[in-house]
Amino acid sequence: MSCAEELPASEPVYAVRNLTYTYLGRFAALSGVSFDVRRGERVALLGANGSGKSTLLKILAGLIHPTSGHVAAFGKALTETALMEEQFNRDFRSRVGIVFQNPDTQVFSATVREEIAFGCLQLGLPPEEAQQRLDDVLRLLEITDLVERAPFQLSGGQKKKVALASVLVMNPEVILFDEPTAALDPRTQHWLIDLIGALGEAGKTIVVATHDLHTLADLTDRALVFAEDHTLLADAPTPAILADPAALLRANLIHDHRPY
């Protein structure tokens with residue numbers, strides 16, 4: 001089936017089974033992880049630094065592939081071979097967007113306009129539609145005044161908005177965020193949390209990798225907690241996770257003498 005075919009209501013957007021990933025064949029990043037993500041969920045990948053959150057996010061984005069185990073996206077195996085198929089690759093890339101923690105990893109074009117328009121050009125959209133999408137996302141993120149500037153001239157918060165705009169212009173069904181509020185000033189943090197909430201309310205499927213407990217309840221409805229041995233420690237609604245200090249302590253997300 002094409003990645004773009006409509007999923008049955010019972011089919012998860014992602015189905016992950018016994019996923020393991022090791023770097024250089026020796027260093028574990030994920031070990032035996034299994035879970036589903038359903039359409040419209042807002043899910044946190046919660047764990048201490050080095051627990052495998054960012055690695056898992058890259059796997060869900062199709063940027064790297066498991067050492068063993070199985071990942072399906074939109075009802076079809078998400079493998080290196082599948083992504084070599086032009087139609088599947090095109091469909092998958094249009095349906096899933098990722099916003100990296102460091103926008104410098106993502107932003108590479110000469111101007112903000114070129115950066116945001118890049119994805120539309122890759123999709124081969126008609127010029128009128130591409131321009132309309134560009135105008136809409138510029139207004140949404142309030143960055144119209146930045147459109148002719150070079151990304152290297154922007155502040156960290158402005159770069160984050162441009163990186164996000166380059167994803168939203170594709171109108172993806174799934175948006176993956178890696179530590180979205182890291183290194184942002186308080187005003188921009190609150191703005192981004194509100195935007196992620198609005199995207200969820202609009203029906204987008206949101207997956208957020210984070211270790212920030214203070215923003216967790218505002219960002220997500222469900223949390224997958226990863227232990228430092230790279231296994232999945234807990235999978236529960238976000239309020240239940242936040243009310244479970246034993247699990248948070250085991251995951252090294254709180255200190256036994258200084259709870260969050």
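**Close-up views of pockets and helix packing**

**View 1. The largest pocket has a volume of about 650 Å³.** The model is predicted: local features need pLDDT of at least 70, side-chain atom pairs count only at pLDDT 80 or more, and totals for chains, interfaces and linings use all residues. Residues are numbered from 1 along each chain as its sequence is written, and side-chain values use heavy atoms, with hydrogens and water left out. A pocket is an open set of points on a 1 Å grid over the protein atoms alone, with protein on both sides within 12 Å along at least five of seven lines, where a 1.4 Å probe fits; lining residues have an atom within 4 Å of a point. Its volume is the space filled by probe spheres set on the points, which are joined across faces, edges and corners. Of the 23 lining residues, R93, V96, F118, G119 and M170 lie nearest the centre of the largest pocket. At least two lining residues come from each of α3 (86-95), β6 (96-99), α4 (112-123) and α6 (156-168). Helices (H or I, at least four residues) and strands (E, at least two) are DSSP runs numbered from the N terminus. The lining comprises 12 nonpolar, 7 polar and 4 charged residues.

**View 2. The second largest pocket has a volume of about 170 Å³.** Its lining consists of R133, D136, V137, L140, L168, V169, N171, P172, L199 and K204. Helix α5 (residues 127-140) gives the most to this lining, with 4 residues. By class, 6 lining residues are nonpolar, 1 is polar and 3 are charged; Ala, Val, Leu, Ile, Met, Phe, Trp, Tyr, Cys and Pro count as nonpolar, Asp, Glu, Lys and Arg as charged, and the others, Gly among them, as polar.

**View 3. Helix α6 packs against α4 and α7.** The axes of α4 and α6 are 7 Å apart, at an angle of about 30 degrees. α4 is therefore roughly parallel to α6 (angles under 35 degrees). Axes are lines fitted to C-alpha atoms, for helices over the stretch in contact, and angles run from 0 to 180 degrees between N-to-C directions. For α6 and helix α7 (residues 186-201), the angle is about 15 degrees and the axes are 11 Å apart. α6 is therefore also roughly parallel to α7.

**View 4. Helix α1 (residues 53-60) is mostly covered.** Of its 8 residues, 6 are buried (under 20% relative accessible area, 1.4 Å probe, protein chains only). The buried residues of α1 are K53, T55, L56, L57, I59 and L60. G62, which follows α1, has a positive phi near 75 degrees.

Notes: Buried < 20%, exposed > 50% of the residue type's maximum accessible area, 1.4 Å probe, protein only. Parallel < 35°, antiparallel > 145°, perpendicular 65-115°, else oblique.
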